[in-house]
Amino acid sequence: EDSGEKQPAEGGGSVPGAPVPSAGAGAGGLPVEPPRARTPSRDAEADFYSVKWITWKGERTPVVTQSENGPCPLLAIMNVLLLQWKATSRCFQVKLPPQKEVITAEELMAHLGDCILSTQPREPSEGLQLNFQQNINDTMTVLPKLSTGLDVNVRFTGVSDFEYTPECIVFDLLNVPLYHGWLVDPQSPEVVQAVGKLSYNQLVEKVITCKQASDSSLVSEGNGPPAPRGPRGGSAPRPRAHPALAPGLVAEQFLEATASQLTYHGLCELTAAVREGELSVFFRNNHFSTMIKHKGHLYLLVTDQGFLREERVVWESLHTVDGDSCFCDTDFHLSHAPGKEGAAAALPDPHLQQRQVDQDYMVALSLQQQQGQDPSALSDLELARRLQQEEYEHQHQDQHRHRHRQLPAQPPFLCPQGRAQPGGRERRQRQKPDLDCTLL
């Protein structure tokens, strides 16, 4: 159950990216790798995050971006706190200086610590104060993991069902909802029975146990007596696997079929569970994203540093499980991603316009040379007239060729059976004219 520590570069979480376990792997389904040493220069680069300023609800609002995997739990929580500045008094608010372009991990931790300390109860109850002190102690242990990865363990029974771990206390104290969309479809009773109320780690252990039991049974069968002969001389079929191993197979097939960690049933339940306008954190494929619901649709905040200068790329729609999404601006209007034809065709390119002018000038010069005239002997008006006449003749020829290609061929005569006669001529089979065949 320590797979979250095996993949610190993926942003945390105990759910691996490829959820197909093997019998010889660890509890998370992946081999344990030794920790990788990081150079001081790489650590220094990872401690700085660029700030993207957007217009959110009529005011300039900062969004913290990331250039590599790793700090997504910290950034997802901080972006929720930055975007909910117009929320109710129950929500915590964080504001940055207007000219802030880069922020460090220490500054993010300081803002987050201030929000957590502000949760101290105002009532002088001894029980509440002791509970608050315990929560603060647990939070201080978890905070360093926010920049490397959190250990969360999903349950397949609900979009907000997670196995409780100390890491979850950060979301509880800050009143930030945590969701996922990896649910079992209730219309698949075999999968429901195989998965049950198990968490991801428990389900992986179940699959590994069934695989080990299946391998041992195959070995015992191989060392046993030869298979009996069938009634026609062939080998009789082997006995089927033990019924106790069937749920393990079904569970493994479920993990393989839902490797994207988002199911259609989970997406429907997620859309119904999230409140309108609610800012939350969405967990999928070891990645934490800031999520919001707007007019019944779910959107994820775009925090990739590659979109730092793209003001119209702020949200990404979440409406399919295969990753086919659309980019939207701050008002959730559809926008084109950089490099697409829609953005390129918005404004004319001055280089293309100049190239067209040069081509027109060369055409005019060639016309003069063909007619044996000195280019300087003609006025600008005569050049324009001849150039216009040449363009008109080219357009006329193009239209003529296009109209000629679109002329339909003479349709053949079709018999009642739907067969065309060769040469387009009708072969009469009976003496009734104009009744058996139809000209289409």
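Q: Buried means under 20% relative accessible area, exposed over 50%, and partly exposed in between (1.4 Å probe, protein chains only); which residues of α4 are buried?
A: This is a predicted model, in which local features need pLDDT of at least 70 and side-chain atom pairs pLDDT 80 or more, while totals for chains, interfaces and linings use all residues. Residues are numbered from 1 along each chain as its sequence is written, and side-chain values use heavy atoms, with hydrogens and water left out. Helix α4 takes in residues 105–117. Its buried residues are A105, L108, L112, G113, C115 and I116.

Q: How wide is the arc that holds the buried residues of α4?
A: Look down the axis of α4 and you will find its buried residues gathered within a limited arc, so they line one face of the helix. The arc is that of the directions from the helix axis to the C-beta atoms. For α4, the buried residues fall within an arc of 160°.

Q: How far does α4 reach from its first C-alpha to its last?
A: The expected span of a helix is 1.5 Å times one less than its number of residues. With 13 residues, α4 has an expected span of 18 Å, and its reach is close to that, at 18 Å.

Q: And how far does α5 reach, end to end?
A: Helix α5 has 17 residues, for which 24 Å is expected at 1.5 Å a residue. Its first and last C-alpha atoms give a reach close to that value: 25 Å.

Q: What arc do the buried residues of α5 cover?
A: The residues concerned are F132, N135, I136, T139 and V142. They are on the same side of α5, because around the axis they cover an arc of only 120°.

Q: What do the buried residues of α5 pack against?
A: Start on the opposite side for orientation: the face of α5 turned away from its buried side carries the exposed residues E126, L130 and T141. On the buried side, the packing partners are α4, β5 (149–150) and α6.

Q: Is L300 buried or exposed?
A: L300 lies in strand β11. Its relative accessible area is 13%, so L300 counts as buried.

Q: Which residues beyond its sequence neighbours does L300 contact?
A: Contact means heavy atoms within 4.5 Å. Neighbours within four places in sequence are left aside. That leaves F282, S289, T290, M291, V314, W315, E316 and L318.

Q: What is the C-alpha to C-alpha distance between L300 and W315?
A: W315 is one of the contacts of L300. In sequence the two are 15 residues apart, while in space their C-alpha atoms are separated by 5.5 Å.

Q: Which element gives the largest share of the lining of the largest cavity?
A: On a 1 Å grid over the protein atoms alone, a cavity is a set of points where a 1.4 Å probe fits but cannot get out, and lining residues have an atom within 4 Å of a point. Here the lining is Q66, C72, L75, A76, N79, F288, S289, T290 and T303. The largest share, four residues, comes from α3.

Technical notes
Helices (H or I, at least four residues) and strands (E, at least two) are DSSP runs, numbered from the N terminus. On a 1 Å grid over the protein atoms alone, a cavity is a set of points where a 1.4 Å probe fits but cannot get out, and a pocket is an open set with protein on both sides within 12 Å along at least five of seven lines; lining residues have an atom within 4 Å of a point.
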